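Here are some notes for a colleague who is opening this structure for the first time. Please read them with the sequence and the model side by side.

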Amino acid sequence: MIGIIIALLLPACGQKADWTRLAESADSGSFSMSAELREANLSFAPESGQLNQPKTRGYATNEQPADFLPGIYYGMMLAMALYNSFLYVSIRDRVYLYFGLFVVFFTAMQAACDGLAYLYLWPGHSAWELKSGSVFVVLACLFACFFSRSWLPVRQYSPRMDRILRIWIAGLGLALPVMAFMTPGVCAEIAVYLACASILLCLSAAAVVRCRVRSILFYACAWVALLAGALPNLLAACKLLPPNVQTLYSIRFGSAAGTLLLSVALANRFNRIRQDKLLEEKQGTLLKNLHNTTKKLTSTYNLDKLLHYTLASLSSITSCENGFILFKSGEGYTLKTSVGSGLWDGSLFTELEAEPFFRDLIREKKLVLQSDPGKSPCPLHPDIKTCIGIPVLYRDRPLALVVLYSYSFRTVTESEGEILQDFAGQVGISIENARLFSEINRMASTDGLTGVYNRTYFLRLANRHLSECWSMGKPLSLIMLDIDYFKSINDRHGHIAGDKVIQETARLLAELAQPRGIIARYGGEEFVILLPGASPGEARRLAEIMRKSVSAALVPLEQAGSVRYTISLGVASASPDTSGIPMLIDQADQALYRAKENGRNCVETFEMMESFA
């Protein structure tokens with residue numbers, strides 16, 4: 001719109017902008033001109049030093065439609081300058097400020113060469129007119145170099161080129177005050193040389209970066225277009241080409257094309273900045289969600305809860321509504337938890353590495369994303385469009401596989417994938433902590449030799465069950481047993497054989513006590529079994545079964561042969577007079593003592609006055 005308005009205004013004043021203005025100024029003594037300038041040939045005026053453009057009176061007065069082109073040109077350049085100024089005010093990026101100033105001074109240089117600046121901006125100031133074009137050329141070069149150094153990543157890829165640009169910018173800054181003491185002709189020649197050198201330097205900076213970013217290709221093409229447009233103009237000025245419309249407008253076409261290309265590059269940069277900002281906001285939300293999830297993960301040592309919460313959180317974050325976790329178990333994987341549809345139909349995990357998706361996930365130990373609109377990413381099910389696999393590792397050791405999938409397409413950027421992978425590392429630490437916590441609890445509550453509960457933990461459980469049985473009016477019984485002649489087994493076969501006998505006894509008792517019985521190693525070769533809900537008769541019958549099973553068992557020894565042995569058992573049941581578990585254990589111990597007195601390998605029951613119904 002600005003270009004159209006200016007294009008409509010310029011023809012009306014085209015005759016005044018004609019080179020007749022220069023002749024009139026020369027006649028009035030404003031400044032001297034050679035005869036060649038009066039003929040409107042392109043040349044360096046020996047006295048003025050201006051680089052004059054060819055424009056005959058006939059061309060200016062009779063070919064007014066041609067003046068429509070300068071209007072388009074100046075309007076476009078002004079629009080570019082205003083647009084970049086607006087971007088600088090909006091996002092405070094100096095790149096747009098430098099580019100806007102480059103466009104302003106380059107346009108001012110062109111207006112000075114066309115005579116429009118003298119006619120409308122500084123009429124009567126002929127001394128400034130003689131050097132204005134040269135000054136604007138240097139200023140345009142200065143901000144072009146500022147723009148190139150700020151926009152191109154030369155500091156990252158070539159510190160040497162960055163130093164050269166800084167030195168060149170300082171040189172251009174010093175050239176401006178020095179030009180005040182030079183003649184107009186020398187100023188014009190120096191300005192042309194500086195302009196050519198600046199363009200070549202900017203192209204060299206782009207070559208150093210090697211088009212690592214797509215917009216840099218537009219940048220390089222812009223300077224090539226500007227150089228190609230200025231070359232015919234300069235050749236015509238040196239009388240190596242005839243002055244005509246093509247040589248007159250070549251620099252306009254070149255600068256317009258260069259400005260448009262640079263604007264495209266800047267628009268690309270602006271879009272990239274906006275996309276980076278959106279991505280940063282998305283990543284910030286992702287990190288915040290994962291941070292909250294991590295805090296919850298570290299607050300529990302329950303492995304099942306930990307895995308379920310991990311899967312639910314990842315499903316929500318990735319927008320994959322379905323998923324499951326396969327937990328490493330021995331040489332294979334077992335299903336631990338799932339969300340949505342969970343496992344798809346027909347899934348078998350006996351040989352995971354037979355599937356390419358799981359093979360890449362297990363062997364590469366990296367996040368695997370398959371989301372291709374052109375094909376089904378997971379061969380395990382034809383309807384799945386997006387499949388994300390995240391390995392959960394601890395010190396490069398696989399602990400679990402998180403699989404998320406959706407029947408719609410989902411996108412996960414590379415940086416988001418890295419964040420998810422880091423989060424999986426935190427999950428791995430939480431799993432290992434839960435495992436260690438469980439192991440510590442197990443060691444604190446179980447007997448190291450037999451794997452059954454130890455005495456301390458058993459007493460804690462027994463008191464809890466006794467209180468529950470009392471409150472609910474249910475019976476509770478307790479069995480205490482001892483291995484007969486255990487010392488002779490140690491003496492005859494050794495302590496290793498004795499340990500083997502204790503382990504086999506614990507295994508048999510644990511199997512027979514299921515599902516209600518709670519077994520513990522009370523000390524040495526003594527075991528105690530709590531039976532919540534068992535009446536005295538039921539407890540005695542179970543004790544008899546245990547006695548017969550042990551006496552029938554044959555314990556193989558590591559060296560050679562085997563050993564048979566028996567056990568003696570005492571049974572006691574809680575009554576209203578029972579003060580607590582210690583009293584019940586003491587009663588069972590008395591029954592056990594009577595069993596040993598009666599010849600061992602038998603069951604005795606503590607005589608109670610009253611029992612629970």
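1. Cys387 has a relative accessibility of 0% and therefore counts as buried. Please keep in mind, here and below, that the model is predicted.

2. Cys145 is likewise a buried residue, with a relative accessible area of 0%. The closest cysteine sulfur to that of Cys145 belongs to Cys202 and lies 4.5 Å away, which is too far for a bond, because a disulfide requires a pair of cysteine sulfur atoms within 2.5 Å. In the structure as a whole, the number of disulfides is zero.

3. Asp162 is part of helix 10, which spans residues 159-178, and this aspartate is buried, its relative accessible area being 7%. When residues up to four places away in sequence are not counted, Asp162 touches Arg149, Val154 and Arg155.

4. Helix 18, made up of residues 486-493, has Phe486, Ile489 and Asn490 among its buried residues. These residues cover an arc of only 95 degrees around the axis, so they lie on the same side of helix 18. Lys487, Asp491 and Arg492, by contrast, are exposed on the other side of helix 18.

5. What do the buried residues of helix 18 pack against? Their partners are strand 6, covering 476-483, and helix 19, covering 495-513. After helix 18 comes Gly494, and the phi of this glycine is positive, near 100 degrees.

Terms used: Residues numbered from 1 in each chain as written. Predicted model: local features only at pLDDT ≥ 70, side-chain atom pairs only at ≥ 80, totals over all residues. Heavy atoms only, no water. Buried < 20%, exposed > 50% of the residue type's maximum accessible area, 1.4 Å probe, protein only. Helix = DSSP H or I, 4+ residues; strand = E, 2+ residues; numbered from the N terminus. Arc of directions from axis to C-beta. Contact = heavy atoms within 4.5 Å.
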